[in-house]
Amino acid sequence: MAETPSGLLNAVGLQGPGIEAFLTQELPWLAERGARTVVSIGGGTVAEYTALARRLADAPGVTAVEVNLSCPNVEDRGRVFARDGSSAAEVIASVRAATRYDVPVIAKLTPDVADIVAVARSCVDGGADALAMINTPVGMSIDVETMRPSLAAGTGGLSGPAVRPLAVRCVWQVHAALPGVPIIGMGGVTTGRDALEFVLAGACAVAVGTALFHDPYACPRIMRELEELLTERGFDRLADAVGLAHRPPGSGPRGRTDLEESSL
């Protein structure tokens, strides 16, 4: 890992104890404490994603399955699944078919694509119930003292406030094209104001990541700040603010009926 101005580079991979240890140890521990667990899965082939989804199909306490599409496809010269709409859709379709009908499947998308709307649309067509945006874009820094890359891997995923404008743009574009699809906005959220920016762009939920490194209590704090901001602006519900920045000045909040009609 390496710090950058307003950001963090990491190349730690997808760390975890493996599906068996997760199912026998971590998931029961979370369930005992009433946690609503969103399980993130990744793989190098479509078959690996499918196998993981099948292992989770009967597991109690799984609220949703997030499909991390920013993994290299070993069957396609290592090209990342998320950078190709058809490959991403194939993964999503396989996971959706193997997942219990009442468990949502969330496609996590990368911004490192020519057209994120096209990839998002492919994932929805493949069966994604929601979208998580964005995964970390690829970045790099060089240590001028050692004159070598800061990360041993050379490049890594960039997170933190530096990527928030990029993430907001992606959420904005996808919500404009697919207004009926739930979006989880993420990327550099450190305050309630940051979270509200994502909501106004079209996210109906917001995730926090890098901020937790220096503030383990960031989530409840951001929640309080967001609630205060919504109250100050006269909102009774967060849902009434979702996508409001897309509306003409002076118009009311976008309701469920509006979303359903615009997605037809």
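## A buried threonine

Thr45 is buried, with a relative accessible area of 10%; buried means under 20%, exposed over 50% and partly exposed in between, with a 1.4 Å probe and protein chains only. This is a predicted model, in which local features need pLDDT of at least 70 and side-chain atom pairs count only at pLDDT 80 or more, while totals for chains, interfaces and linings use all residues. Residues are numbered from 1 along each chain as its sequence is written, and side-chain values use heavy atoms, with hydrogens and water left out.

Thr45 sits in the loop between β3 (37–41) and α2 (46–56). Helices (H or I, at least four residues) and strands (E, at least two) are DSSP runs, numbered from the N terminus. A polar atom of the Thr45 side chain lies 3.1 Å from the backbone nitrogen of Glu48. Beyond neighbours within four places in sequence, Thr45 is in contact (heavy atoms within 4.5 Å) with Val74, Glu75 and Phe81.

## Nonpolar cores

A nonpolar core is a set of buried Ala, Val, Leu, Ile, Met, Phe, Trp, Tyr and Cys residues joined through side-chain atoms within 4.5 Å. The largest one has 62 residues, and those touching the most other members are Leu69, Val95, Leu109, Cys123, Leu131, Met133 and Val174. Not counting residues up to four places away in sequence, Leu109 touches several residues, including Ile116, Val119, Ala120 and Ile134. A second, separate core of 5 residues includes Ala64, Ile106, Ala130 and Met186.

## The start of the chain

Met1 belongs to the segment before β1 (2–4). Met1 counts as exposed, at 53% relative accessibility.

Notes. A polar contact is a pair of N or O atoms within 3.5 Å; within protein, one must be able to donate a hydrogen and the other to accept it, and residues adjacent in sequence count only if both atoms are side-chain atoms.
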